[in-house]
Amino acid sequence: MNLFSPPPTSPPPPKASPDGAFEAPNRSARSACWTARDAFFACLDAHGVVDSITNKEEAERCCGAEEKGLRRDCASSWVTYFKQRRVMEFKRKQTLEKLAAEGARPMPEGMGPPRLESGR
């Protein structure tokens, strides 16, 4: 492998469709992306890092190889989405735990805003 050749395990770039947009990844590409995401998040969990965007230096120091795999196997928009969603889910869990500790109870079924039916 010379200095300017791509790494041997990198997936091929997405193909452009006739209208210029890129084709969606197939099942095996999505599976590889999710596996890389899970490995990255497991590493972050092991090192106590929740927000890899705000704590970028710490995340890179602890889990740089896993993040490289995530960036290699996933579209950049997916990487950003996964990282943001991780923080949102953490904050949601903290809020629900705080409410439960304060004695909050779930609303009875049918008491909240109407839910859209699937397929709408």
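Let's start in a loop: Ser52 sits in the stretch between helices H1 and H2. Helices here are DSSP runs of H or I with at least four residues, strands are runs of E with at least two, and both are numbered from the N terminus. Before we go on, a word on the model: it is predicted, so local features need pLDDT of at least 70, side-chain atom pairs count only at pLDDT 80 or more, and totals for chains, interfaces and linings use all residues. Residues are numbered from 1 along each chain as its sequence is written, and side-chain values use heavy atoms, with hydrogens and water left out.

Is Ser52 buried or exposed? Ser52 counts as buried, because its relative accessibility is 4%. Buried means under 20% relative accessible area, exposed means over 50%, and partly exposed is in between, with a 1.4 Å probe and protein chains only. And what does Ser52 touch? Not counting residues up to four places away in sequence, Ser52 touches Phe40, Leu44, Ala59 and Lys83. A contact, by the way, means heavy atoms within 4.5 Å.

Now let's zoom out. The chain has three helices and zero strands, and from the N terminus on its elements run α-α-α. Of the 120 residues in the chain, 18% are buried. If we take the contacts with a separation of 6 or more, 55% of them join residues 24 or more positions apart.

On to H1, residues 27-47. Which residues of H1 are buried? They are Cys33, Ala36, Phe40, Phe41, Cys43 and Leu44. Looking down the axis of H1, these buried residues fall within an arc of 155°, so they line one face of the helix. The arc is that of the directions from the helix axis to the C-beta atoms. Here is a handy rule: an α-helix has 3.6 residues a turn, so residues three or four places apart point the same way. On the face of H1 turned away from the buried side we find the exposed residues Arg27, Ser28, Thr35, Asp45 and Ala46. What covers the buried residues of H1 includes helix H2 (56-73) and helix H3 (76-101). Just after H1, Gly48 takes a positive phi of about 70°.

Phe40 counts as buried because its relative accessibility is 0%. Leaving aside neighbours within four places in sequence, Phe40 is in contact with Ser52, Cys63, Glu66, Glu67, Leu70 and Lys83. Phe40 and Lys68 are 28 residues apart in sequence, with 9.0 Å between their C-alpha atoms.

How do the helices pack? H1 and H2 meet at an angle of about 175°, with their axes 8 Å apart. Axes are lines fitted to C-alpha atoms, for helices over the stretch in contact, and angles run from 0 to 180 degrees between N-to-C directions. H1 and H2 are therefore roughly antiparallel to each other. In that scheme, angles under 35 degrees are roughly parallel, over 145 roughly antiparallel, 65 to 115 roughly perpendicular, and the rest oblique. By class, the contact of H1 with H2 has twelve nonpolar, two polar and five charged residues. Nonpolar covers Ala, Val, Leu, Ile, Met, Phe, Trp, Tyr, Cys and Pro; charged covers Asp, Glu, Lys and Arg; the others, Gly among them, are polar.

H2 and H3 pack at about 130°, again with axes 8 Å apart, and that makes H2 oblique to H3. Here Glu67, Leu70 and Arg71 in H2 meet Val79, Phe82 and Lys83 in H3. This contact has three nonpolar, no polar and three charged residues.

Finally, H3. The buried residues of H3 are Val79, Phe82, Lys83, Arg86 and Val87, and they pack against H1 and H2. Arg86 is buried, with a relative accessible area of 12%. Leaving aside neighbours within four places in sequence, Arg86 is in contact with Phe41, Leu44, Asp45, Val49 and Val50. The C-alpha atoms of Arg86 and Val50 are separated by 7.3 Å, although the two are 36 residues apart along the chain. After H3 comes Gly103, with a positive phi near 95°.
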